[in-house]
Amino acid sequence: MLSTQDNELLTRVGPGTPMGELLRRYWTPALLVSEAPTPDSDPVRVRLLGENLVAFRDTTGRLGLVGENCPHRGASLFFGRNEECGLRCPYHGWKFDADGACVDMPSEPPTSVFKDKVRIKAYPTHESGGIVWTYMGPADKQPPFRDFGTEKLAPDQVAATKLHTTCNWVQAMEGNLDTSHISWLHQWNGVDDIPDDGSDKPGYPTNAMSWKFWKHDRAPRLEIEDTWYGFKYVGIRDTPNGYTHVRMSAFCYPYNTVIASVPFNTQHGLFVPADDENTWRYSFATRDQGSIAEVGGENLFSVSPFEFGPAEVGRNGIIPRRYTAANDYGIDRAEQRTSTYSGVREFISQDFMVTESMGPIYDRTQERLGTSDKAIIRMRRLLLAAAKRVAAGGDAPAVDGDLDYRSIRSAEKILEDGEDWRHLGTDDDPMVQLYERGAAATPVAGS
Ligand code: FES
Ligand SMILES: [Fe+2]
């Protein structure tokens, strides 16, 4: 439960709000590269942290991100002409370059120097991993770009997506820091029929067996460890054979989550506020995900009756929403009674159903938190403290250039006797070393 004041502080991200100022200290996803694919391609509307912006790729390939409304009399530059290294307003032809300078003002006499005095708001951009990132904070606080593993990614391994959700970013992110709900919301009856394949023993289970463990112990114990980037936490479950299964996820300031998978994971899910009541869920690859997934044998969806999202989703791009509040997320009451816990066929829409149905910004004075909510409580505390620190003149956490952002990993495993979950996914974890050494082809299933 939060006070009204803390709930406001946590959720509001517009210019001048404490949380908005904290978020502006980080390089932030603004759009997918695929939305502005080629020089002089169509301008793109970008709503980010409560600001209306327009992105355009100029003739040289440079990506500009400027205020949406023309400084002359406010027409939207989304309707502008993207031509000859600048975006030209459709109303009177004023033209702006990617730095925000007014480079042409054809509606004024040729002798006029007025254009030299006019600028439009422009934010710096950096393209990495299929995403156009921007920095919207004070220039003297601009940190180096945080490389989560995308900077040297081979072109054929770049894969970024985004999905729109109609609720506050913290509310959406809380779902990714809530390991307990995979034992409920995402379950289905057929889990009981999955044959035991022998991986209920210390080591790395198959994904099919993980489903069984999640269903077998539906009240996981949570443990948290604070880290330089935020924290990591585990949901600890007993397996049918009496072993200890851990599912470890990570939270990285300010809205990154790395979700547990077998044997470990470096792929981030980001909850980027468009504004206080709308969020983009970005996801991007940090490495060749396929080679790691081989250890688990299958992915999360291959053994379940669920689909992640619409089948027509391309390798890069915006994932369309088939199921929304308007069609009750496609809930099928007969399925809910007989085969799946939620009655919703699409996995991601199961999440949307619960987080969006809380309302655009949930009133957290009304909630009753239990022991399974430990991780979200920690996330809120860290964010509130960081926002207050920045408001008081301090620096944002986890922005330094000498930190190793690629070392942020999640993991999932059945622990050996006496094994401490805290070493999982670290540079010292033998499984991480195996893959980081480039030995990904070595079969290790069942080890
Ligand atoms: S409103 Fe844009 S040039 Fe006049
Ligand atoms: Fe979920």
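Domain bounds, as I use them here, come from an automatic or database domain assignment. I note at the outset that the model is predicted.

**Entry 1. Domains**

I looked up the domain assignment of the protein chain and found domain 1 at 28-134 and domain 2 at 155-436. I then took the C-alpha centres of the two domains, and they lie 36 Å apart. Domain 1 gives 15 residues to the contact, and domain 2 gives 15 residues.

**Entry 2. The interface by area**

The size of an interface is often given as the accessible area lost when the parts come together.

**Entry 3. The interface by polar pairs**

I next searched the interface of domain 1 and domain 2 for salt bridges, and the rule finds 2. I recorded the salt bridge of Glu35 with Lys162, in which the closest N and O atoms are 2.9 Å apart. For polar contact between domain 1 and domain 2, I note 8 residue pairs, both residues being at pLDDT 80 or more.

I also asked which elements give two or more residues to the side of domain 1 that touches domain 2. They are β1 (28-32), β2 (44-48) and β11 (131-134). The largest share of that side comes from β1, with 5 residues. By residue class, I have 8 nonpolar, 5 polar and 2 charged residues on the side of domain 1 that touches domain 2.

**Entry 4. Strand β15**

Is Ala250 buried or exposed? Its relative accessibility is 1%, so I count Ala250 as buried, the cut-off being under 20%. Leaving aside neighbours within four places in sequence, I find Ala250 in contact with Leu177, Tyr229, Phe231, Lys232, Asn256, Thr257, Val258, Ile408 and Arg409. I also checked Ala250 against Thr125, which is 125 residues apart from it along the chain; their C-alpha atoms are separated by 26 Å.

His245 also has its place in strand β15. With a relative accessible area of 0%, His245 is buried. I find a polar contact of 2.9 Å between the side chain of His245 and the side chain of Glu412. Beyond four places in sequence, the residues in contact with His245 include Pro205, Ser210, Phe213, Trp214, Arg237 and Lys413.

**Entry 5. Ser180**

I located Ser180 in the loop between α3 (169-174) and α4 (207-216). At 12% relative accessibility, I count Ser180 as buried. Not counting residues up to four places away in sequence, Ser180 touches Pro220, Arg237 and Ser372.

**Entry 6. Helix α7**

Why do I describe helix α7 (residues 347-356) as largely enclosed by the rest of the structure? I do so because 9 of its 10 residues are buried. I listed the buried residues of α7 as Phe347, Ile348, Ser349, Gln350, Asp351, Phe352, Met353, Thr355 and Glu356. I then looked up what covers them, and the cover includes β12 (160-165), α3, α4 and β19 (278-284).

**Entry 7. Backbone geometry**

Most residues other than glycine have a negative phi, and most peptide bonds are trans. I looked up the departures from this pattern.

I found a cis peptide bond joining Tyr253 and Pro254, with omega about -10°. Pro254 is placed in the loop between β15 and β16 (256-258). I also found a cis peptide bond from Val262 to Pro263, with omega near -5°. Pro263 is placed in the loop between β16 and β17 (264-265).

For phi, I noted Leu49, where the value is positive, near 50°. Leu49 lies in the loop between β2 and β3 (51-57), and at 0% relative accessibility Leu49 counts as buried. I noted a positive phi at Tyr329 as well, near 60°. Tyr329 lies in the loop between β20 (317-318) and α6 (333-338), and with a relative accessible area of 6% Tyr329 is buried.

Note on methods:
Residues are numbered from 1 along each chain as its sequence is written. Chains are lettered from A and ligands numbered from 1 in the order in which they are written. This is a predicted model: local features need pLDDT of at least 70, side-chain atom pairs count only at pLDDT 80 or more; totals for chains, interfaces and linings use all residues. Side-chain values use heavy atoms; hydrogens and water are left out. Contact means heavy atoms within 4.5 Å. A salt bridge is a side-chain nitrogen of Lys or Arg within 4 Å of a carboxyl oxygen of Asp or Glu. A polar contact is a pair of N or O atoms within 3.5 Å; within protein, one must be able to donate a hydrogen and the other to accept it, and residues adjacent in sequence count only if both atoms are side-chain atoms. Helices (H or I, at least four residues) and strands (E, at least two) are DSSP runs, numbered from the N terminus. Ala, Val, Leu, Ile, Met, Phe, Trp, Tyr, Cys and Pro count as nonpolar, Asp, Glu, Lys and Arg as charged, and the others, Gly among them, as polar. Buried means under 20% relative accessible area, exposed over 50%, partly exposed in between (1.4 Å probe, protein chains only).
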